[in-house]
Amino acid sequence: MGINKRDEGKKVNSNINVTPMVDVMLVLLIIFMVITPMLNNKVNVDLPKADAAVVMEDANKEDAVVVAVTRDGRTFLGGDQVTLDDLGPKISAKLENKTSKEVFMRADIRANYGKVMDAVDGIRSAGVSQLGLLTERTDDTGATTTKK
């Protein structure tokens, strides 16, 4: 009777299995693709649609001053909720060191017209030279921003 020795334990597997790493990276990629557009707008509003939209690339810049009016009449400067009395001074402070005095406004399609006009008055009281009203384009080219 002989004793058989198995030498399988002495062999080292030098192959790296990258399949789990690829799976994790794809899941992270999908998560970032979904979350990134939400971070850009900060406040969710349903923008009105316009046929004659003009693309405004400056609205997507990180340092752009964006005012949003929600459906329930709340006013936001960037991602922070502000009162209409504080809107003008806060916009003035943000535009103090900028050469372009341009502000972009995102108003919900179902927002009260009076609330939107109150926000426009607050923006104008800050000495803003240009106000861009952001909308979505209705044609097949996708969502863009317009200035009217």
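Where is the place of threonine 70? Select threonine 70: it is in the loop between strand 2 (65-69) and strand 3 (75-77). Helices (H or I, at least four residues) and strands (E, at least two) are DSSP runs, numbered from the N terminus.

Before going on, note that this is a predicted model, in which local features need pLDDT of at least 70 and side-chain atom pairs count only at pLDDT 80 or more, while totals for chains, interfaces and linings use all residues. Residues are numbered from 1 along each chain as its sequence is written, and side-chain values use heavy atoms, with hydrogens and water left out.

**Stop 1: around threonine 70**

Is threonine 70 buried or exposed? Its relative accessibility is 6%, so threonine 70 counts as buried. Buried means under 20% relative accessible area, exposed over 50%, and partly exposed in between (1.4 Å probe, protein chains only). Now show its contacts, meaning heavy atoms within 4.5 Å. Leaving aside residues up to four places away in sequence, threonine 70 touches Val43, Val45, Phe76, Asp108 and Ala111.

**Stop 2**

Switch to a cartoon and select the open sheet of five strands, whose order is 4-3-2-5-6 with mixed pairing. Strand 4 (80-82) and strand 6 (130-133) stand at the edges with a single partner strand each, so one side of each has no neighbour in the sheet. From one strand to the next, the twist averages 30°. Strands of a sheet pair through backbone hydrogen bonds, either parallel or antiparallel. Here two strands count as paired if DSSP finds at least two bridges between them.

Select strand 2 with strand 3: they pair in the antiparallel sense over three bridges. Alanine 68 has phenylalanine 76 in strand 3 as its bridge partner.

Valine 66 is bridged to phenylalanine 104 in strand 5. On to strand 6, which pairs with strand 5 in the parallel sense over four bridges. Glutamate 102 stands opposite glutamine 130 in strand 6.

Stay on strand 5 and show its side chains. How many of its residues are buried? Six of the six residues of strand 5 are buried. Glu102, Phe104 and Arg106 are on one side, and Val103, Met105 and Ala107 on the other, so that both faces are covered.

**Stop 3**

Axes are lines fitted to C-alpha atoms, for helices over the stretch in contact, and angles run from 0 to 180 degrees between N-to-C directions.

Colour helix 2 by accessibility. Leu87, Gly88, Ile91 and Leu95 are buried. These residues cover an arc of only 90° around the axis, which puts them on the same side of helix 2; the arc is that of the directions from the helix axis to the C-beta atoms. Asp85, Pro89 and Ala93, on the other side of helix 2, are exposed. The buried residues of helix 2 pack against strand 2, strand 3, strand 4, strand 5 and helix 3.

Then select helix 3 (residues 113-124), which lies across strand 2, strand 3, strand 5 and strand 6. Helix 3 runs at about 170° to strand 5.

**Stop 4: salt bridges**

A salt bridge is a side-chain nitrogen of Lys or Arg within 4 Å of a carboxyl oxygen of Asp or Glu. How many salt bridges are found in a search of the whole structure? The search finds five.

Select aspartate 46 and arginine 110, a salt-bridged pair with the closest N and O atoms 2.4 Å apart. Aspartate 46 is in the loop between helix 1 (19-41) and strand 1 (49-50), and arginine 110 is in the loop between strand 5 and helix 3, 64 residues apart. Aspartate 46 counts as partly exposed at 39% relative accessibility, and arginine 110 is partly exposed at 42%.

Select glutamate 136 and lysine 49 next: their side chains meet in a salt bridge (3.2 Å, N to O). Glutamate 136 is in strand 7 (residues 136-137) and lysine 49 in strand 1, 87 residues apart. Glutamate 136 is partly exposed at 26% relative accessibility, whereas lysine 49 is exposed at 55%.

Last, select arginine 74 and aspartate 72, whose side chains meet in a salt bridge (3.0 Å, N to O). Arginine 74 is partly exposed, with a relative accessible area of 36%, and aspartate 72 is exposed, at 53%.
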